[in-house]
Amino acid sequence: MKSNILPSLYTTIFLVSMSCLLYIVDGLYFHITETERKCFIEEIPDETMVVGNYKCQFYDPKTGGFMPSSPGIGMHVEVRDPDDKVMLSKVYSTEGHFTFTSHIPGEHVICLYSNTTKWFSGSQLRVHLDIQVGEHAVDYGNVAQKEKLTELQLRVRQLLDQAEQITKEQNYQRYREERFRGTSESTNQRVLWWSITQTFILLVMGFWQMKHLKSFFEAKKLV
Amino acid sequence: MGSILYLNQIFYLCCFFQFTEVMHSVGAVELTFELPDNAKQCFHEEITKDTLSTVEFQVVTGGQYDVDMSLESPTRQILYKGIKKQFDSFTWTAAQTGVYTVCFSNEFSTFSHKLVYMDFQVGDEKPLPGVGEHLSAMTKMESSSIQVHENLNTIIDYQTHHRLREAQGRKFAEDLNAKVFYWSIGEALAILCIGIGQVIILKNLFTDKKTVSFT
C-alpha cells in the first residue's frame with residue numbers, strides 16, 4: 001500500500017509545481033519583425049543594477065498564433081553606456097535574463113534584436129520584456145533566505161535600498177544640472193563670439209570690396 | 001483506497017487552480033523608447049479582471065513634444081484616446097480578463113522623432129515575501145515601516161518626473177547649442193561667398209561691355 005501512495009503523491013507534487021511554472025505571468029509584450037532592432041533608453045545614475053527579463057516567441061503562420069517556445073532563434077542583447085561604448089553584447093536563447101551595472105551616470109541604451117541571417121524583414125516576433133532598475137531589481141525573497149532575515153529586518157533592508165537609490169538619483173540630478181548649466185553657458189559664449197565675428201567679417205568684406213573695385217575701375221580708366 | 005488518493009489529487013489541483021484564478025497579475029514596467037516619424041508602437045499586456053492598472057506617458061524630446069495615445073480593451077473598445085498630448089496618466093479597473101493594448105502614434109509628424117517615456121503599472125506592488133502573509137494585526141513598527149515605504153515610493157516617483165522634465169530642458173539646450181554652432185559657421189561662409197561673388201560678377205559685367213564696345 002505504501003508503494004501505491006508515494007508515486008501518486010509525487011505525481012501530485014509534480015503536477016502542482018508544473019502548474020506553478022505555467023502560470024508565471026509574462027508581462028508586457030510587443031511585436032517586432034525578425035530583422036528589426038528595438039532599443040530602450042535607461043537614464044540611470046552610476047553603480048545602479050539593471051535586470052532585464054525577456055521571452056521571445058515566433059509567429060506560426062500555420063496556426064495564426066505565436067508558438068509558445070521556439071528553439072533555434074536567439075536574442076542578441078546589446079547595452080551601450082553614455083559614451084557609446086558597448087557594455088554588454090551577448091546572444092541569449094529565446095528566454096532569459098540579462099544584468100548589468102552602470103559605471104557612468106547617464107543614458108544607457110539597451111537594444112534587442114534576433115540573430116537571424118535574413119536580410120529582409122521576415123516573420124513577426126513577439127517579445128515579452130520586463131526591465132527593472134535599482135531597488136526594484138533586487139530579489140528580496142532571495143536576500144531573506146540567504147541572510148536569514150526576519151520580516152521587519154527585510155523591510156528595513158528594503159527601506160535602506162530605497163533611500164540609497166534616492167540619494168544616488170539626487171546626486172545624478174546635481175550632475176545633470178551642472179551639464180545643463182554648462183551647455184547654456186556654452187551657447188551664450190557661442191552667440192557672443194558669432195555676433196562679434198560676423199560684424200568683423202562684414203566690415204572686412206565691405207572694405208575689401210570697395211578697395212578692390214576702386215583699383216579695378218582705376219585700371220579700366222572709368223574713374 | 002486508490003480512488004480516494006485519486007480524488008485527493010484532483011482536490012489539490014482544483015484548489016491550486018482556484019488560487020491561481022484569484023491571484024491577480026502584478027507588475028510595473030517603465031520604458032523609454034524612440035518613436036520614429038510616421039510610426040506607431042503598441043504594447044500589450046494580459047490583465048486579469050478587477051485589477052487596477054495605470055498607464056502614464058511623457059514625451060521627452062522631439063518636435064512639438066506631443067504624441068497620440070490610445071488604450072484598447074480585449075473587446076476592441078477604446079478606453080482612452082489622447083490626441084497630441086505631451087503627458088498624461090490614465091487609471092482603470094479591468095472589466096474583463098484579456099490582453100489590453102496601449103498604442104503610441106507619431107503618424108501625424110513628417111520628420112520629428114519622439115522620445116517617449118511610458119510607465120505601465122498593473123495591480124498593486126508585489127508585497128515583500130513573508131511580510132504581508134500573516135493574518136494577525138500588524139504591530140505599530142510594521143505599519144509605520146509600510147508608511148515609510150510608501151512615502152519613499154512617492155519620492156522616487158517625483159524624482160522620475162523631475163528627471164523627465166529636466167531631460168526635456170537639457171536636450172533642448174543641447175540641440176540649441178548645436179544649431180547655433182552650425183548656423184554661425186554656415187552664415188560666415190555664406191557672407192564670404194556672397195562678398196567675393198558680388199565682386200566677380202561686377203568685374204565680369206564691365207569686362208564684357210568693354211569688349212563689345214571695341215568691336
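Is strand β8 (residues 114-122) of chain B largely enclosed by the rest of the structure or exposed, and how many of its nine residues are buried? Here are some friendly notes on that strand and its surroundings.

1. This is a predicted model, in which local features need pLDDT of at least 70, side-chain atom pairs count only at pLDDT 80 or more, and totals for chains, interfaces and linings use all residues. Residues are numbered from 1 along each chain as its sequence is written, chains are lettered from A and ligands numbered from 1 in the order in which they are written, and side-chain values use heavy atoms, with hydrogens and water left out.

2. To take the opening question: eight of the nine residues of β8(B) are buried, so the strand is largely enclosed by the rest of the structure. Buried means under 20% relative accessible area, exposed over 50%, and partly exposed in between (1.4 Å probe, protein chains only). Strands (E, at least two residues) and helices (H or I, at least four) are DSSP runs, numbered from the N terminus.

3. Now for the partners of β8(B). Strand β1 (residues 27-35) of chain B pairs with β8(B) in the antiparallel sense over nine bridges; pairing requires that DSSP finds at least two bridges between two strands. Leu31(B) stands opposite Met118(B) of β8(B). Strand β3 (residues 52-61) of chain B also runs antiparallel to β8(B), joined by eight bridges, and Gln58(B) has Tyr117(B) in β8(B) as its bridge partner.

4. Gln58(B) turns up again in the contacts of Gln168(B), alongside Val59(B), Val60(B), Tyr65(B) and Gln86(B), leaving aside residues up to four places away in sequence. Contact here means heavy atoms within 4.5 Å. Gln168(B) belongs to helix α2 of chain B and counts as buried, at 12% relative accessibility.

5. Tyr182(B) is in helix α2 (residues 140-214) of chain B too, but this residue is exposed, with a relative accessible area of 59%. Together with Phe181(B), Ile185(B), Leu189(B) and Leu192(B), Tyr182(B) forms a nonpolar surface patch with about 490 Å² of accessible area.

6. An unreviewed entry lists residues 180-202 of chain B as "transmembrane region"; UniProt annotations may be inferred rather than shown by experiment. That span is 100% helix and 0% strand, with its end C-alpha atoms 33 Å apart.

Note on methods:
Patches are made of residues with over 30% relative accessible area and no salt bridge: like charges are joined within 9 Å, nonpolar side chains (Val, Leu, Ile, Met, Phe, Trp, Tyr) within 5 Å. Accessible areas come from the Shrake-Rupley method with a 1.4 Å probe; for residues, only the protein chains shown count as cover. A salt bridge is a side-chain nitrogen of Lys or Arg within 4 Å of a carboxyl oxygen of Asp or Glu.
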